[in-house]
Amino acid sequence: MEIEYLKDEGLFRLTAGDTEYVIGIADGKYIGHVYYGRKIKDSQCGYLMRTEEAPFVPSSNLREKCSFADAFPAEYSTWGMGDYRDSCLNVRSSNGFRGCELHYEDYRIFRGKPELPGMPATFCREDDNGSGMTLELICRDEVLGLKVILRYSVFEDSSVVIRSTELVNEGKNPMYLERVLTACLDMDMEEGDLLTLGGSWARERHMVRRPLAFGKQIVSSFRGESGHQDHPFLAVMSRNAGQDQGEVYAMHFVYSGNFLAEAEMSQFGSVRLLMGIHPEGFEWVLNPGDTFVTPEVVCVYSDQGLGKMTHIFHDLYRRHLIRSSYLHKKRPILINNWEATYFNFDTEKLLEIAREAKKRGIEMLVMDDGWFGERNTDEGSLGDWQVNEKKLPGGLNYLVQQVRALGMEFGIWFEPEMVSPDSNLYRTHPDWAVRIPEREPVQSRAQYVLDLSRPEVVDYVYESVARILRSAPISYVKWDMNRQMSDIGSAYLGKEHQGELFHRYILGVYELQERLTREFPELLLENCASGGARFDPGMLYYSPQIWCSDDTDAIERLAIQEGTSLLYPLGTIGAHVSACPNHIVGRVTPFETRGHVAMAGTFGYELDITKLSEEEKQMVEEQVKMVHRFQPLIQEGDYYRIASWQENHRYDSWQVVSKDKTEALFTYIQVLAQPNWHSRKILLKGLNPEVRYQLEQIRQNKTGSGETFTGKVYKGSLLMYGGLLIPRMEGDFTSVMIHLHALKK
Ligand code: GLA
């Protein structure tokens, strides 16, 4: 890790891991992007900005400044002054004029990395390996009186560049930020592919790959949350890029609200990547002396395909983003009553589930939606966070004490950001909901969103949650958020500030989670939003695990978890075994397969264990033991994607290898059985080629071929280059799990 200013060449060079990011100053003023990629370690690279190629540089040819601006590889593009590609920044002056041009003024290089006020951000660790450095490029628009600081940070142990931007009004008049993205990345790329993650409720984060094309390709959200449909991530990559080869440039947004991620191919075949808060519905009033800071963007470059990109993201998030004390701790194996009972439960039913769960080794009972107010359906009571003693006679404390007396921990569900029209809270404070005063607000799941731009609402919400947590020994909270925002209006913000509501809402969410994790540092917090609509790096800063999807079907989960694990470590991915036929797709899959798939996540159950057969209950016991044995490896190891059934339509496979390569866990799912087919050769990954590994097949039932890998010993090189032969198995949705353990010479 290093950040240098090369004075003679007028270049800034950031070195992070095996990558280099170079910034230049053109014509003494314009901050340009020179290079991002493998280390070149040569200070002659400034010509890559092409300022000498065409006679368009403003100082020598002011007449053609527009041609300069429209082709220059900008580090932070601005709107309205000759660059017609999409920009990062558009400002309206108090006179109503739009346009902004930033000129370089100064720089600062320092050790460490500043926090972002009120927002999640990657951070340095105390140890040497976790240290970091920051470059600040200070620039200014004299006419507006606007100072802009472009911030770049690198870490000792990571090949990432983290970007954020700060704007300060140093003028005498207010100005209006109509568009303020975090970063752009201009590069030469005449052809390549674009990779994004997309889907819907119950189909989150499927990988979507398409050719990069002329013009603009966008993924975005203005739903008030990062969303099920798009994810705040994009990557451009060479055509030949795959798991292990090819170039990949990726950007990921550490934010949970509206976002824009865009790739624009220009008339000259260059590509501009943009990422930041979605400008739709956004306007921020920057009064004299005010500062606005953007959320941060993580930039990753990989010269060895998606696999290396994945490792960089996983290691970064484990070391520099997740703050929870649970990061490296074993997570309790939980059972959640949602799919078991929905709203139809009482203390006795929950205890019945808890008693059977305890017998089988499960460690925590989580009480989901329906324990408060009059909530027996999803029609009402959100906002009325008082325990429903008709369902829970003796109150919450009695239930928690009974569960704890069994030797289990207790967790609880909240949806704190919402209010039902049918609730005491809404009847008392209709103006606390996000809504446009003259309009009948749009309902979704019979609920409205609370206006978290309003401090008293944040306080009410916080106290509602904290009061319950103070009332009983509760170890875990599932923090849910089950609708997207509409009717963007706040009775609290004045008419000039309505464009700030989306962002202020998310700042309110962050404040709530900050307060919660500060007051209850030992609480295990799991975020959730109708399944995985707010699975993003912003939420990961507060909660070490996030519910990945309401779709718990093992086969549907393959694509969802594949896309999610492209960026997120397995230990962050909420995954549970549920009952069959599956409640969402009606599919019946073997209990063993459901266990193997959920084990590529935090692991738990989402079913009525009292209704399982004795054979299944015994399988629960075995799975619990497997989780105890393998969870450290799954949480801390390197994840390798081996095969994707989304691509091959037959089978899926992945592997986790310990950092020291002495241990690995391999999973193979035969999605569809094939007739008249021989065994399938699978090449393992990430092993030490020189070491011999002993195999142990982790099996639960007799769905496999009857053959076993247990006891076999193979060299790492053979398993990786020659392959392992996985026999054809009887039946669809069958699976094999193999543990590999390195033998000492
Ligand atoms: C959301 C969550 C579910 C469950 C329900 C309860 O859909 O994703 O897991 O908690 O809410 O209403």
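1. Domain 2 and domain 3 bury about 2,300 Å² between them, with 62% of that area on carbon and sulfur atoms. Buried area here is the accessible area (1.4 Å probe) that two parts lose on being put together, summed over both. On the side of domain 2, Glu592, His596 and Leu633 lose the most area to domain 3, together 28% of what that side buries. The model is predicted: local features need pLDDT of at least 70, and side-chain atom pairs count only at pLDDT 80 or more, while totals for chains, interfaces and linings use all residues. Residues are numbered from 1 along each chain as its sequence is written, and side-chain values use heavy atoms, with hydrogens and water left out.

2. The domain assignment divides the chain into domain 1 (2–320), domain 2 (334–636) and domain 3 (641–742); such bounds come from an automatic or database assignment. Taken over C-alpha atoms, the centres of domain 2 and domain 3 are separated by 34 Å. Contact (heavy atoms within 4.5 Å) involves 24 residues of domain 2 and 29 residues of domain 3.

3. Between domain 2 and domain 3 there are 2 salt bridges, a salt bridge being a side-chain nitrogen of Lys or Arg within 4 Å of a carboxyl oxygen of Asp or Glu. Across the same interface, 5 residue pairs are in polar contact, both residues at pLDDT 80 or more. A polar contact is a pair of N or O atoms within 3.5 Å; within protein, one must be able to donate a hydrogen and the other to accept it, and residues adjacent in sequence count only if both atoms are side-chain atoms.

4. Three helices, α10 (554–565), α11 (591–598) and α12 (614–636), each supply at least two residues of the side of domain 2 that touches domain 3. The largest share, 9 residues, comes from α12. By class, that side has 14 nonpolar, 4 polar and 6 charged residues. Nonpolar covers Ala, Val, Leu, Ile, Met, Phe, Trp, Tyr, Cys and Pro; charged covers Asp, Glu, Lys and Arg; the others, Gly among them, are polar.

5. Around the ligand there are 13 residues, of which Asp368, Asp369, Lys478, Gly531 and Asp550 come nearest; a residue counts if one of its heavy atoms lies within 4 Å. An N or O atom in the side chain of Asp369 is 2.6 Å from an oxygen atom of the ligand. For the side chain of Lys478 the corresponding distance is 2.7 Å. Gly531 places a polar backbone atom 2.8 Å from a ligand oxygen atom.

6. The structure holds 67 salt bridges. One of them joins the side chains of Arg140 and Glu105 at 2.4 Å, N to O. Arg140 lies in strand β7 (residues 132–141) and Glu105 in strand β6 (residues 103–111), 35 residues apart. Helices (H or I, at least four residues) and strands (E, at least two) are DSSP runs, numbered from the N terminus.

7. Two backbone points deserve a look. Cys580 and Pro581 are joined by a cis peptide bond, with omega about -5 degrees; Pro581 is in the loop between β30 (577–578) and α11. Ala446 has a positive phi, near 55 degrees, and is in the loop between α6 (424–428) and β25 (448–449). Most residues other than glycine have a negative phi, and most peptide bonds are trans.
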